[in-house]
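Hi,

Here is the structure I said I would pass on. Have a look at it first, and then read my notes below.

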Amino acid sequence: MDQITIKDLYNLEETIAGELFAGKTYPWEVLPEIGAFIVKLGNTLDPQEYEKAGENIWIARSAKVAPTASITGPAIIGKEAEIRQGAFIRGNAIVGEGAVVGNSTELKNVVLFNKVQVPHYNYVGDSILGYRAHMGAGSITSNVKSDKTLVVVKGKETKIETGLKKFGAMLGDQVEVGCNSVLNPGTVIGPRSNIYPLSSVRGVIPADHIFKAQDRIVEKQ
């Protein structure tokens with residue numbers, strides 16, 4: 001069986017957004033609800049720990065945000081997170097505790113679990129990145145198909161119509177994506193798997209595997 005459910009991919013104790021996933025089976029089901037959830041959650045956050053920094057923007061007082069970063073709400077920036085120079089957060093973004101959003105990285109409609117790193121020239125849109133997931137420099141999520149049709153998740157034993165036009169990638173906990181890789185719409189990568197640099201990835205990549213090429217996906221030894 002393709003392991004693509006929320007419980008297969010994520011430790012929900014490693015995100016402030018655990019409630020967002022309640023009652024859902026697949027992680028992409030939360031994508032249309034991220035913005036409203038942020039507004040609801042943000043209004044409950046302790047003002048001694050989170051500063052209201054603009055319309056529907058909450059930033060942990062322990063976070064580091066560069067003066068040249070651009071943040072549009074709804075957004076929550078978690079404790080000890082680091083938003084570096086030139087980062088562009090376009091809205092509907094939850095940045096987890098201890099996460100790093102780097103130079104020229106762009107986020108839109110995403111949940112980054114705790115300790116996620118997207119530190120160098122990344123685009124992450126309509127995606128969920130699990131605990132300690134890391135995207136190498138220049139790697140991106142492609143979130144719209146070239147023919148603009150709705151995204152389908154395709155695994156060895158699975159074909160699921162998502163009903164979504166915009167759907168980037170679901171990265172499980174501790175996934176490592178190599179530099180300058182493209183994660184095509186509807187990509188799901190299981191926990192602890194690695195993607196070689198310069199890869200073009202699509203479909204479902206099992207947990208604990210190494211993606212060398214689309215026809216060379218090998219189990220970790």
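**Pockets and rings**

Let's start with the second pocket. Lys145, Val151, Val152, Lys154, Pro185, Gly186, Arg202 and Gly203 line the second largest pocket. Bear in mind that this is a predicted model. The volume of that second largest pocket comes out at about 160 Å³, and its lining is made up of 3 nonpolar, 2 polar and 3 charged residues.

Now for the largest pocket, which holds about 200 Å³ of space. Sorted by class, the lining of the largest pocket has 6 nonpolar, 3 polar and 3 charged residues.

On to the aromatic rings. How many aromatic pairs does a search of the whole structure find? There are 5. One of them is formed by Tyr10 and Phe21: the pair is tilted, with 6.3 Å from centre to centre and 40° between the planes. Both residues sit in the loop between helix H1 (6–9) and helix H2 (34–42), so their pairing ties together parts that are 11 residues apart in sequence.

Are these two buried or exposed? Tyr10 is buried, and Phe21 is buried as well. They also belong to a cluster: ring pairs link Tyr10 and Phe21 with Phe113.

Cheers

Technical notes:
Residues numbered from 1 in each chain as written. Predicted model: local features only at pLDDT ≥ 70, side-chain atom pairs only at ≥ 80, totals over all residues. Heavy atoms only, no water. 1 Å grid on protein atoms, 1.4 Å probe; cavity = no way out; pocket = protein on both sides within 12 Å on 5 of 7 lines; lining within 4 Å. Points joined across faces, edges and corners; volume = space filled by probe spheres on them. Nonpolar A, V, L, I, M, F, W, Y, C, P; charged D, E, K, R; others polar. Phe/Tyr/Trp six-rings, centres within 6.5 Å; stacked < 30°, edge-to-face > 60°. Helix = DSSP H or I, 4+ residues; strand = E, 2+ residues; numbered from the N terminus. Buried < 20%, exposed > 50% of the residue type's maximum accessible area, 1.4 Å probe, protein only.
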